[in-house]
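Colleague: I am new to this structure and would like to learn how to read it. Could we go through it one feature at a time?

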Amino acid sequence: MSSLRKKIYVIIFESDTPAGKGFDLLLIISILLSVFVVFLDSVSYYNEKFGALLYSLEWFFTILFTFEYFLRIYSIGKPIKYIYSFFGIIDLLSIIPTYISIFLPVSRYLSVIRI
């Protein structure tokens with residue numbers, strides 16, 4: 001395993017290191033903020049007032065989680081093992097709805113799956 005892969009692996013998968021703890025904290029905050037955005041977007045009042053901002057934030061979090069997903073795949077020794085693991089499937093299900101919404105705008109509401 002290359003030095004870069006090992007460093008990424010330690011940060012992402014080893015939560016007992018300072019960098020791993022920081023990564024976990026950042027990830028938890030991002031997940032909570034993402035869920036909050038989805039909640040706000042599902043309320044018509046907030047959607048009408050802040051729809052464009054909420055949509056942009058949804059894409060921001062989707063891109064962030066996509067990057068994290070691919071870093072996990074890149075850094076792990078057996079990518080297929082992670083992809084088909086419980087957490088790999090959960091991670092994929094959390095990002096897929098936003099990408100599907102490009103082709104099927106009605107599916108945008110599938111982002112509730114992220115919750």
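Modeller: Begin with the word helix: helices here are DSSP runs of H or I with at least four residues, numbered from the N terminus. By that rule Glu68 is found in helix H3. Keep in mind that this is a predicted model.

Colleague: How many helices and strands does the secondary structure of the protein come to?

Modeller: The count is 5 helices and 0 strands. Along the sequence the pattern reads α-α-α-α-α.

Colleague: How do I read the packing of two helices?

Modeller: Two packed helices are described by the angle between their axes and the distance between those axes. For H2 and H3, the axes come within 8 Å and cross at roughly 150°. Angles over 145 degrees count as roughly antiparallel, and H2 and H3 are therefore roughly antiparallel to each other. The crossing of H2 past H3 is left-handed.

Colleague: Which residues make the contact of H2 with H3?

Modeller: From H2 they include Phe23, Leu27 and Ser30, and from H3 they include Phe61, Leu64, Phe65 and Glu68. By class, the residues of this contact are 12 nonpolar, 5 polar and 4 charged.

Colleague: At what angle do the axes of H1 and H2 cross?

Modeller: They cross at roughly 60° and come within 6 Å. That makes H1 oblique to H2. Val10, Ile11 and Ile12 of H1 meet Ala19, Gly20, Phe23 and Asp24 of H2. The classes in this contact are 5 nonpolar, 1 polar and 1 charged.

Colleague: Where is Asp91?

Modeller: Asp91 is in helix H5, residues 86-103. Asp91 has a relative accessible area of 17%, so this residue is buried too. Leaving aside neighbours within four places in sequence, Asp91 is in contact with Glu68, Tyr69, Arg72 and Tyr82.

Colleague: How far apart are Asp91 and Tyr69 in sequence and in space?

Modeller: They are 22 residues apart in sequence and 6.6 Å apart in space, C-alpha to C-alpha. For the protein, take the contacts between residues at least 6 apart in sequence: 57% of them join residues at least 24 apart.

Colleague: What should I look for in a nonpolar core?

Modeller: Look for which members touch the most others. Of the 13 residues in the largest nonpolar core, these are Phe65, Tyr69 and Tyr82. Helices H1 (3-13), H2 (18-42) and H3 (44-75) are the elements that give two or more residues to this core. The largest share, 5 residues, comes from H3.

Colleague: Which residues does Tyr82 touch?

Modeller: Not counting residues up to four places away in sequence, Tyr82 touches Tyr69, Arg72, Ile73, Ile76, Phe87, Gly88 and Asp91.

How values were computed:
Residues are numbered from 1 along each chain as its sequence is written. This is a predicted model: local features need pLDDT of at least 70, side-chain atom pairs count only at pLDDT 80 or more; totals for chains, interfaces and linings use all residues. Side-chain values use heavy atoms; hydrogens and water are left out. A nonpolar core is a set of buried Ala, Val, Leu, Ile, Met, Phe, Trp, Tyr and Cys residues joined through side-chain atoms within 4.5 Å. Buried means under 20% relative accessible area, exposed over 50%, partly exposed in between (1.4 Å probe, protein chains only). Contact means heavy atoms within 4.5 Å. Axes are lines fitted to C-alpha atoms, for helices over the stretch in contact, and angles run from 0 to 180 degrees between N-to-C directions. Angles under 35 degrees count as roughly parallel, over 145 as roughly antiparallel, 65 to 115 as roughly perpendicular and the rest as oblique. A crossing is left-handed if the near helix is turned anticlockwise from the far one by less than a right angle, and right-handed if clockwise. Ala, Val, Leu, Ile, Met, Phe, Trp, Tyr, Cys and Pro count as nonpolar, Asp, Glu, Lys and Arg as charged, and the others, Gly among them, as polar.
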